[in-house]
Amino acid sequence: MKIGIDKIGFYAPHLYVDMNKLAVARDVEPAKFTIGIGQEKMAIAPITQDAVTLAANAAFGILDASDKEKIDYVIFGTESGVDNSKSAAVYVHGLLGLNPHARCVEVKQACYGATAAIQMAKGHIALNPESKVLVLGSDIARYGLHTGGESTQGAGAVALLISADPKIMVLEDQNSLYTDDIMDFWRPIYSDKAYVDGKFSNEQYILFFNKVWEDYKEKTGFGLKDFEAICYHLPYTKMGLKALRTVLDQGTEEDKDRLLANYEFSKTYNKNIGNIYTGSLYLSLLSLLDLKEDLEAGSRIGLYSYGSGAVGEFFSGILEANYREHLYVNQHTELFESRREVSVEEYEVIFSETLPTDGTNVELEIDHDPAVICLAGVNGHSRQYINKL
Ligand code: HMG
């Protein structure tokens, strides 16, 4: 049975900060952020957006009435969830009015969560070919103002509809996994910001890539020549490039040119959004699909997922005939074009605005947020979400 991505969409908040200006404010050479790190704009989440609303807005953009009826499983990958008990998937299920005969869960393994969700979805569909699974990867990446990780923050969500006979991409069965208990990046329960050993995390990302790539090649007999493009989890866009460069000498000049050229397409959305943790790999895939207009059906795309802590996976997909007709390119172009730049000073104010941690009731001003689905406040320790339509 063919199982894979039937629909894919994303959402990012309407605000961003320019990385050149952030660099100047931090007394850093702008080229360090734009070339060394590879980021141009960083999406900023207003207080009225959280992992739930970002995901709900991403899914809202792609689901029709028939999908809502057929979805019987919502799997929400996130590492910036809003509740230690209730899953973010249940909130999204309610906000989108999905079929009540559905299972809803949240999964966590840093940025790897949405990939785990996709693999769970594949297993579910293999047993229930008629069903559709909504997979969400949604996060707000926060390291803190004036920290080493600040330039690699971001906010956004990707929504994927996984089904049998998918319209966009069939996920192949071969994959390779690697897990090791390391402390490269983590976020203790008491902290709203991540802790990170930056250099170590970069090394481990590449080490895990090399391990799963070599194992995948051995299992499948595939090599660089078999891939039209390889998409990476992109905490910042230079990271995937560094990993790709470690294997380029395994192919011909043609392979090298093709993979490097396609890497450019696969990083464009990410360099304008920043790290969205669980959604980053899929934002990169979306960037490639939306922007590389002559990518042919039948092409094999490699996918490298990495979640600190750490789990890595390499897997692949094959593009279906007429896949382009099922993309939401115009919706995404509009999203990028309608964003508003904020100054570094405004970004610092927005970043520092957080909900009370003691459960005090709060009402938020949602009129300034153009998103359809917003967080309107907290009442009686319960988050108040609004779907404006
Ligand atoms: P840093 O110390 O600010 O930067 O940390 P640096 O000194 O390493 O410089 C970065 C690059 O800019 C270097 O390039 C410099 O040479 C270059 P490289 O040698 O690495 O290719 N550079 C310049 N280039 C042009 N013109 C200039 C210039 N100056 C310097 N003038 C770091 C950077 C990424 C470590 C930091 O931002 C950080 O800690 N970020 C967060 C951690 C992270 O993103 N890790 C990535 C791997 S782990 C992962 O992907 C998982 C994650 O998504 C979490 C999860 O799984 O949940 C993070």
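**Domain contact and ligand shell**

In this predicted model, the C-alpha centres of domain 1 and domain 2 are 20 Å apart. Domain 1 covers 3–168 + 327–387, and domain 2 covers 170–321. Their contact draws 49 residues from domain 1 and 40 residues from domain 2. On the side of domain 1 that touches domain 2, the elements giving two or more residues are β1 (3–11), α2, β3 (41–44), α6 (113–127), β6 (132–141), β7 (154–164) and α11 (329–337). Strand β7 provides the largest share of this side, six residues. By class, this side of domain 1 holds 22 nonpolar, 20 polar and seven charged residues.

The ligand lies between the two domains, because domain 1 and domain 2 both give residues to the shell around it. Of the 31 residues around the ligand, those that come nearest are A31, G36, A110, C111 and G198. At least two shell residues come from each of α2 (30–37), α7, α8 and β13 (300–307). The shell is made up of 13 nonpolar, twelve polar and six charged residues.

The axes of α7 (residues 198–220) and α8 (residues 237–245) come within 10 Å and cross at roughly 45°. Helix α7 is therefore oblique to α8. Their crossing is right-handed. From α7, N202, Y205, I206 and F209 meet M239, K242 and A243 of α8. This contact comprises five nonpolar, one polar and one charged residues.

Terms used: Residues numbered from 1 in each chain as written. Predicted model: local features only at pLDDT ≥ 70, side-chain atom pairs only at ≥ 80, totals over all residues. Axes fitted to C-alpha atoms, helices over the stretch in contact; angles between N-to-C directions. Helix = DSSP H or I, 4+ residues; strand = E, 2+ residues; numbered from the N terminus. Parallel < 35°, antiparallel > 145°, perpendicular 65-115°, else oblique. Left-handed = near helix turned anticlockwise from the far one by under 90°. Contact = placed C-beta atoms within 7 Å. Nonpolar A, V, L, I, M, F, W, Y, C, P; charged D, E, K, R; others polar. Near = placed C-beta within 6 Å. Domains from an automatic or database assignment.
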